[in-house]
Amino acid sequence: MGITTFLSCLLLFTTILPTTTASTILFQGFNWESSKKEGGWYNFLINSIPELSASGITHVWLPPPSQSAASEGYMPGRLYDLDASRYGTQNELKTLINAFHSKGIQCVADIVINHRTVERQDSDGRWNIFEGGTPDDRLDWDHSCICIDDITKSGDTTTNSGGTGNPDTGADFNGAPDIDHLNTRVQRELSDWMNWLKTEIGFDGWRFDFARGYSPDITKLYMGNARPDFALAEWVKAAGGSVTAFDFTTKGILQAAVEGELGRLKDSNGGPPGMIGLLPENAVTFVDNHDTGSTQQQWPFPSDKVMQGYVYILTHPGIPSIFYDHFFDWGLKEEISKLTMIRIRNGIQATSTVRILASDPDLYVASIDDKIIAKIGPRYDVGNLVPTTFKIATSGNNYAVWEKQ
């Protein structure tokens, strides 16, 4: 989904905390163009697993797995049909997941249940007949499973799908019929599908796309019915369990700060701004993703300062997320991996303590857990801010990290 729709929901995602947050590192294992990969993305990504494992990645976020009218997967129809995915076949996906599991990496599916594309028209010529992708009638829905106030738009054309379900409990998607999540059949069959993704396909959890399209009570219901080890949902309110949020606030401040305003990285209370300064255990930090960066470029981090962004999120509190493009396509694997190893080696966690030593326009220096010191900004001279008991662990263009000896 586009970033403009995310911003209207306070620029936040929510996620259920993994079993342990100690040195948890998330990796987004795709970008906006991955579905076009010759030979299939699953078959391609599997070759990257040794490098991801060696870099300390604990969770990988995979693209939408089901048949979809859009190649990227965000307009799904036959949810059980994983063989029609542009990313590869069901067996290829299972092989990929098994390979990740063999290295101790958990797999998170990007699933889209707010809306679905239909298979055919009803007897009145309205497009509202769904096909689930199985020989039986699972997920084979009709107008009764579509919200009564649903309106689908395509360009200048507005279509009423003839939904007779309950009113929508969240934002209207417009691009495809909005599903009535108050319908008990919908709740039951989607819960069954999620559990199938876990037991048959091997997923450990999922990211709910466009979850602001239905109420947080619905998300809470699906969490209770499927109990993923790790799940993300686009909503700021509690959806059951230990809820965290992708920290768009920190991203916004950070990408402005590296452009000569590093003083913004210290709030009025002397700590980090954004969610990591208020609820660090609930913050998932990131530099870019398939919406903000990649070929969509809807809210990209300054390209010449991306490594400064990773120095910040990989040394600071929160659960850091690494984007595929930066790690592999931009040639930053070695530099990012040095940072992940520093984080792991020093036991930096989501709740680690930050002590800001300098926050000037051209220099930011912070001590984390009194174990490492991170510096970003063009000023080379840090004076006596770094004690002699700390030794340089890694450095690059306008950044450095020291470890306590």
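**View A. Five nonpolar, six polar and one charged residues make up the lining of the largest pocket.** Here Ala, Val, Leu, Ile, Met, Phe, Trp, Tyr, Cys and Pro count as nonpolar, Asp, Glu, Lys and Arg as charged, and the others, Gly among them, as polar. This is a predicted model, in which local features need pLDDT of at least 70 and side-chain atom pairs count only at pLDDT 80 or more, whereas totals for chains, interfaces and linings use all residues. Residues are numbered from 1 along each chain as its sequence is written, and side-chain values use heavy atoms, with hydrogens and water left out. The volume of the largest pocket is about 170 Å³. Its lining consists of M75, T117, V118, W127, T152, K153, S154, T159, S161, G175, A176 and P177. Strand β7 (residues 152-154) supplies the largest share of this lining, namely three residues. A pocket is an open set of points on a 1 Å grid over the protein atoms alone, with protein on both sides within 12 Å along at least five of seven lines; a cavity is a set of points where a 1.4 Å probe fits but cannot get out, and lining residues have an atom within 4 Å of a point. Grid points are joined across faces, edges and corners, and a volume is the space filled by probe spheres set on the points. Helices (H or I, at least four residues) and strands (E, at least two) are DSSP runs, numbered from the N terminus.

**View B. Two cavities of 30 Å³ or more are found in a search of the whole structure.** The largest cavity holds about 40 Å³ of space and is lined by P64, P65, S66, G73, P76, L79, D110, I111, V112 and W193. By class, these are seven nonpolar, two polar and one charged residues. The second largest cavity holds about 30 Å³. Its lining is formed by P64, S66, S68, A70, S71, E72, G73, A84, S85, R86 and Y87, that is, four nonpolar, five polar and two charged residues.

**View C. W61 and F246 form a tilted aromatic pair.** Rings of Phe, Tyr and Trp (its six-membered ring) pair if their centres lie within 6.5 Å; planes under 30 degrees apart count as stacked, over 60 as edge-to-face and the rest as tilted. By this rule the structure has 18 aromatic pairs. For W61 and F246, the distance is 6.2 Å centre to centre, with 40° between the planes. W61 belongs to strand β3 (residues 59-62) and F246 to strand β11 (residues 243-247), so their pairing ties together parts that are 185 residues apart in sequence. W61 and F246 are both buried, where buried means under 20% relative accessible area, exposed over 50% and partly exposed in between (1.4 Å probe, protein chains only).

**View D. F173 and F210 form an edge-to-face pair.** The ring centres are 5.4 Å apart and the planes stand at 75°, so the pair falls into this class. F173 lies in the loop between β8 (157-159) and α5 (184-201), and F210 in the loop between β9 (205-208) and α6; the pair therefore ties together parts that are 37 residues apart in sequence. F173 and F210 are buried, and the relative accessible area of F210 is 3%. F210 also has a positive phi, near 50°, although this residue is not a glycine. Most residues other than glycine have a negative phi.

**View E. Ring pairs link F27, W41, F44, Y324, F327 and F328 into a cluster.** Elsewhere, charged ends sit over rings. That of R116 is over the ring of W141, 4.8 Å from its centre, and that of R138 is over the ring of Y80, 4.7 Å from its centre. A charge sits over a ring if NZ of Lys or CZ of Arg is within 6 Å of the ring centre and within 35 degrees of the ring normal.

**View F. Helix α6 (residues 216-226) has buried residues on one side.** P216, I218, T219, Y222, M223 and A226 are buried. They cover an arc of only 155° around the axis, which puts them on the same side of α6; the arc is that of the directions from the helix axis to the C-beta atoms. On the other side, D217 and K220 are exposed. An α-helix has 3.6 residues a turn, so residues three or four places apart point the same way. R227, with a positive phi near 45°, follows α6.

**View G. Helix α9 is largely enclosed by the rest of the structure, because ten of its ten residues are buried.** Among them are V306, Y310 and L314. In the loop between β12 (283-286) and α9 (306-315) lies Q297, which has a positive phi of about 50° without being a glycine. With 44% relative accessibility, Q297 counts as partly exposed.
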